Amino acid sequence: MLITDDFLPVPVPESLTATYLVPMAGLPRVGTKTAVAALADRLAEPVYGLARQMLDSPLMSVETRPIGEFPELPPDLLTAFGATEAQLDRLAAASHVVVVQAQYRPGWPPAHEWAARAVAAAVAESADGDVVDVFGLQFLDPATALRSLPDERGRIRLVDWILVPYSSDAEGLWFTTKGLRRFGLLELQTQGVPDHLTRAWGAVMTGAARRLLRDWADGLTGEEVPAFVPLPVLATVTGHDIAVAYGNPEQHGATAPVLLRLELDPATDPEADSFLSLRPPLGHPGTDGRYFAAACATLFTGIQPDVRYTRPGDAMSTAVSTARSRLDEVRSRFLSGALPAETQLVVKYALPGADGPEYVWAGVTAWEDPERITGASASDAAADPAVRIGAPVVVATADVVDWALLGATGVLEGGWTQAVLDAGQPPTTP
């Protein structure tokens, strides 16, 4: 394959492995194939077929081991990535763990990840247990794991498979992705991002990951796995890339694309990871941070932050009371899988801030404990730098002031406080 200066050769691993755990007290009471067969009407193709085929092949192993034979999972990291107390208690009480591993060549579909997660979810559901994603060190309840798998059209939300953590240093914010290595691609990074772009740049990184993952998969369509895939040095990112990565392709208007230069940043430590760095195009005047700010302004033209500060008022109090009175009912529908297909349950909750409470939204991923909701933040909070878009959060149900059910066309149900704000009522608060 001819490589020019317009393309960056990125190395391809020979094979990929996915590992999921299902902790349980005692031995499994339902066979793995029986558990998977019970999902026949709930798993779309090709995932259901992949799971069954890989179970019958040497590409997948399902083993039950005494939990003492498996390295201890760090409770602090599990908690940081959204584990509930109930999940940690069940892990502590577990006597055995079912280990689901799958191997496959790099390419699309990522059969190892889809099949292993589906099988683990089936085993966990049959045992009323949890799934542990070893790569992301995250607990997933079976319903959440199943919802993250492709629908009947093969679509996934990339945010269900990657995170975009960041940290701060003297030059600004350092963003990385965590999840692209599932697919064989190096993780992305950006350094020197201005502090005020936490929410926006996390979304840009997710959109860039989606675009590069498509290019990566296109380069792996041959019968033989190549030694490397040429990725364009100048990556184009659009608002549509971002919207698709978050599972809302219809909810982003047309915006001009932005260009980001791709650089390979190989690790000097054999134990460390290499990265693909996103930088401004060569010849751009000014600092990198100025370019990143201009890119965000281009991609998010007309999109306002989700943060609202409010004061007491009758209309908002009524809206909050209405939302809270229906929390138990929507939780029951969420847990039973009775919510409409291709919808996302989100909750709005209060964070304390120096200027009063800040109200932000989070997508619900688990709600087993009626007092605690596990989710992924839908925005960056000004009051809490740990609350960033896509990051796992644990929300006290008592702090919830609203909820909504989102579909492809917007809010399908709920959103009472947002309706008050959008109607131009005087600023209010619960």
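Contact means that heavy atoms lie within 4.5 Å of each other. The views below come from a predicted model, in which local features need pLDDT of at least 70, side-chain atom pairs count only at pLDDT 80 or more, and totals for chains, interfaces and linings use all residues. Residues are numbered from 1 along each chain as its sequence is written, and side-chain values use heavy atoms, with hydrogens and water left out.

**View 1. W201 and the largest nonpolar core.** Leave aside the neighbours of W201 within four places in sequence. W201 is then in contact with F175, T190, V193, L260, F292, A295 and C296. The largest nonpolar core has 82 residues. (A nonpolar core is a set of buried Ala, Val, Leu, Ile, Met, Phe, Trp, Tyr and Cys residues joined through side-chain atoms within 4.5 Å. Buried means under 20% relative accessible area, exposed over 50%, and partly exposed in between, with a 1.4 Å probe and protein chains only.) L185, L188, W201 and L276 touch the most other members. Helix α5 gives the largest share of this core, 11 residues. Another core lies apart from it and has 28 residues, among them V364, W367, V387 and V400.

**View 2. Helices α7 and α9 cross.** Helices (H or I, at least four residues) and strands (E, at least two) are DSSP runs, numbered from the N terminus. Helix α7 covers residues 198-218, and helix α9 covers residues 288-299. Their axes come within 10 Å and cross at roughly 80 degrees. (Axes are lines fitted to C-alpha atoms, for helices over the stretch in contact; angles run from 0 to 180 degrees between N-to-C directions.) The two helices, α7 and α9, are therefore roughly perpendicular. (Angles under 35 degrees count as roughly parallel, over 145 as roughly antiparallel, 65 to 115 as roughly perpendicular and the rest as oblique.) Which residues meet here, from α7 and from α9? A200, W201 and V204 in α7 meet F292, A295, C296 and L299 in α9.

View 3. (The expected span is 1.5 Å times one less than the number of residues.) E113 sits in α5, residues 111-126. Is E113 buried or exposed? At 2% relative accessibility, E113 counts as buried. Its side chain makes polar contacts with the side chains of Y20 (2.6 Å) and R182 (3.4 Å). (A polar contact is a pair of N or O atoms within 3.5 Å; within protein, one must be able to donate a hydrogen and the other to accept it, and residues adjacent in sequence count only if both atoms are side-chain atoms.)

**View 4. Backbone exceptions in the loops.** Most residues other than glycine have a negative phi, and most peptide bonds are trans. D128 has a positive phi of about 55 degrees although it is not a glycine. D128 lies in the loop between α5 and β5 (131-133). At 67% relative accessibility, D128 counts as exposed. L137 also has a positive phi, near 50 degrees. L137 lies in the loop between β5 and β6 (138-140), and at 17% relative accessibility it counts as buried. A cis peptide bond joins E45 and P46, with omega about 10 degrees. The bond from W108 to P109 is cis too, with omega near 5 degrees.
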